[in-house]
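Me: Could you show me how to read a cavity and a helix crossing? I would like the general idea and then the case at hand.

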Amino acid sequence: FRNGSVRNGIDVLAQRNFDLLRASDGKKRKIGLVTNHTGLDLQGRRTIDLLANAPGIELAAIFSPEHGVTGKLDTGFVGDTVDAATRVKVYSVYGETDAKRRPPLEVLKGLDAVVFDIQDAGVRFYTYETTLGYFLEAAAQPGIELIVLDRPNPITGAFVQGPMLDPGKESFVAYHRLPVRHGMTIGELAKLFNAERNIQARL
């Protein structure tokens, strides 16, 4: 309903005391996080900080997409850094080549799960949607679970508009055959990519 309360995936996860990330045997699980400046809860706290302090897990790696983890870099290449607050290494998944835009498998193989928390814009050419697709593909190889913390589509799911992507025209700004305005959330896109592209990731 129009005036209902909406909680983002990170708020739901925190309310559940991060149960989806914790192991049943009590051992700490190593978690990677794909995020940027939009990864915030309803109180304005970074998903990075929430996961770094969550019980039963170790935030072992952060992955930064186009414009970097702070969203301030307007360049064709984003390098690896370290998060100032948590001292967790930040691996860039944005650069001039296709290989630099994909997560390093040697890092993924050292993780128990990867969390994705980036606000989408609701349009096909947003590169963060391609980054999501690349992480689905990469996580499927070693069988690592990918958990998408969903967020509302800011331009709503009430309309689907614009031409479909032409066959064979997929690129970093067009990961999948979609209309320009697709009407889906980032979580729904993950399910669509996983099914229609037969990625078979543990989503």
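Me: How many nonpolar, polar and charged residues does the lining of the largest cavity have?

Reply: Rolling a probe the size of a water molecule over the atoms shows where empty space is left. In this predicted model, the lining of the largest cavity has 5 nonpolar, 2 polar and 2 charged residues. Those residues are R124, Y126, E129, T130, A174, Y175, H176, L178 and F193. The volume of this largest cavity is about 30 Å³, and the structure holds 1 cavity of 30 Å³ or more.

Me: Thanks! Now the helices: at what angle do the axes of α4 and α5 cross?

Reply: Start with the axes. Those of α4 (residues 127-140) and α5 (residues 186-196) cross at roughly 45 degrees and come within 10 Å. The angle therefore makes α4 oblique to α5. The crossing of α4 past α5 is right-handed.

Me: And which residues make the contact?

Reply: From α4 they are E129, L132, G133 and L136, and α5 brings I186, L189, A190, F193 and N194. By class, this contact of α4 with α5 has 6 nonpolar, 2 polar and 1 charged residues. Look back at the cavity too: its lining includes E129 and F193.

Notes:
Residues numbered from 1 in each chain as written. Predicted model: local features only at pLDDT ≥ 70, side-chain atom pairs only at ≥ 80, totals over all residues. Heavy atoms only, no water. Axes fitted to C-alpha atoms, helices over the stretch in contact; angles between N-to-C directions. Helix = DSSP H or I, 4+ residues; strand = E, 2+ residues; numbered from the N terminus. Parallel < 35°, antiparallel > 145°, perpendicular 65-115°, else oblique. Left-handed = near helix turned anticlockwise from the far one by under 90°. Contact = heavy atoms within 4.5 Å. Nonpolar A, V, L, I, M, F, W, Y, C, P; charged D, E, K, R; others polar. 1 Å grid on protein atoms, 1.4 Å probe; cavity = no way out; pocket = protein on both sides within 12 Å on 5 of 7 lines; lining within 4 Å. Points joined across faces, edges and corners; volume = space filled by probe spheres on them.
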